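Dear colleague,

I am passing on the structure we spoke about, with notes on what came out of it. Please read them with the model open beside you.

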Amino acid sequence: MPPQNNQSNAQPSGSSNKTLMGILSYLGPLVIVPFLMSKDDSFVKFHIKQGLVVFCLSLVAWIFGSVMYSFYMVVNVINLATFVLSVMGIVHVVQKNEKELPLVGGLAKYFTF
């Protein structure tokens, strides 16, 4: 019988916690969870800021669509864009990158906390 290797391939819990909090940052109102729990971590903080920008953009589109229903096509394009940006952000989190999202990444620097 070959000797068994007791080493685990699992990531440390701190790394998976960072990943989870980073992913939650891009899921709309769930950005509150990482903000309250992990805002001291620079990696998570970077993604919280970008997630807040994407969420604010989505919220503005929702309000705009509620007030001016005749612009539903514009609102649908904005909603699609926020979905794509959220997916891109989640991919960056999983790849452990602090990469700015196109169009909205530069706005994240205005959030200071």
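Does phenylalanine 113 count as buried, exposed or partly exposed? At 30% relative accessibility, phenylalanine 113 counts as partly exposed, where buried means under 20% relative accessible area, exposed over 50% and partly exposed in between, with a 1.4 Å probe and protein chains only.

Before the rest, a word on the source: this is a predicted model, in which local features need pLDDT of at least 70 and side-chain atom pairs count only at pLDDT 80 or more, while totals for chains, interfaces and linings use all residues. Residues are numbered from 1 along each chain as its sequence is written, and side-chain values use heavy atoms, with hydrogens and water left out.

Overall architecture

The protein has 4 helices and 0 strands, and along the sequence these follow the pattern α-α-α-α; helices (H or I, at least four residues) and strands (E, at least two) are DSSP runs, numbered from the N terminus. Of the 113 residues of the protein, 29% count as buried. Among contacts between residues at least 6 apart in sequence, 59% join residues at least 24 apart, a contact being heavy atoms within 4.5 Å.

Helix 3 against helix 4

Two packed helices are described by the angle between their axes and the distance between the axes. The axes of helix 3 (residues 42–67) and helix 4 (residues 72–94) come within 9 Å and cross at roughly 170 degrees; the axes are lines fitted to C-alpha atoms, for helices over the stretch in contact, and the angles run from 0 to 180 degrees between N-to-C directions. Helix 3 and helix 4 are therefore roughly antiparallel to each other, on a scale where angles under 35 degrees count as roughly parallel, over 145 as roughly antiparallel, 65 to 115 as roughly perpendicular and the rest as oblique.

Serine 86 lies in helix 4 and is buried, with a relative accessible area of 13%; leaving aside residues up to four places away in sequence, serine 86 touches Tyr26 and Val54. Valine 91, also found in helix 4, counts as partly exposed at 37% relative accessibility, and valine 91 and isoleucine 23, although 68 residues apart in sequence, are 8.6 Å apart in space, C-alpha to C-alpha.

Aromatic pairs

Rings of Phe, Tyr and Trp (its six-membered ring) pair if their centres lie within 6.5 Å, with planes under 30 degrees apart counted as stacked, over 60 as edge-to-face and the rest as tilted. By this rule the count comes to 3 aromatic pairs. The rings of phenylalanine 35 and phenylalanine 113 have their centres 4.9 Å apart and their planes at 80 degrees, so this pair is edge-to-face. Phenylalanine 35 lies in helix 2 (residues 32–38) and phenylalanine 113 in the segment after helix 4, so the pair ties together parts that are 78 residues apart in sequence. Phenylalanine 35 is partly exposed, with a relative accessible area of 27%.

Tyrosine 69 and tyrosine 72 form a stacked aromatic pair, 6.0 Å centre to centre with 25 degrees between the planes. Tyrosine 69 is exposed, at a relative accessible area of 66%, whereas tyrosine 72 counts as partly exposed at 44%.

Most residues other than glycine have a negative phi, and most peptide bonds are trans. Lysine 96, in the segment after helix 4, has a positive phi of about 65 degrees although it is not a glycine, and counts as partly exposed at 39% relative accessibility. Leucine 103 lies in the segment after helix 4 and has a positive phi near 70 degrees; leucine 103 is exposed, with a relative accessible area of 82%. Leucine 103 and leucine 85 are 18 residues apart in sequence and 9.3 Å apart in space, C-alpha to C-alpha.
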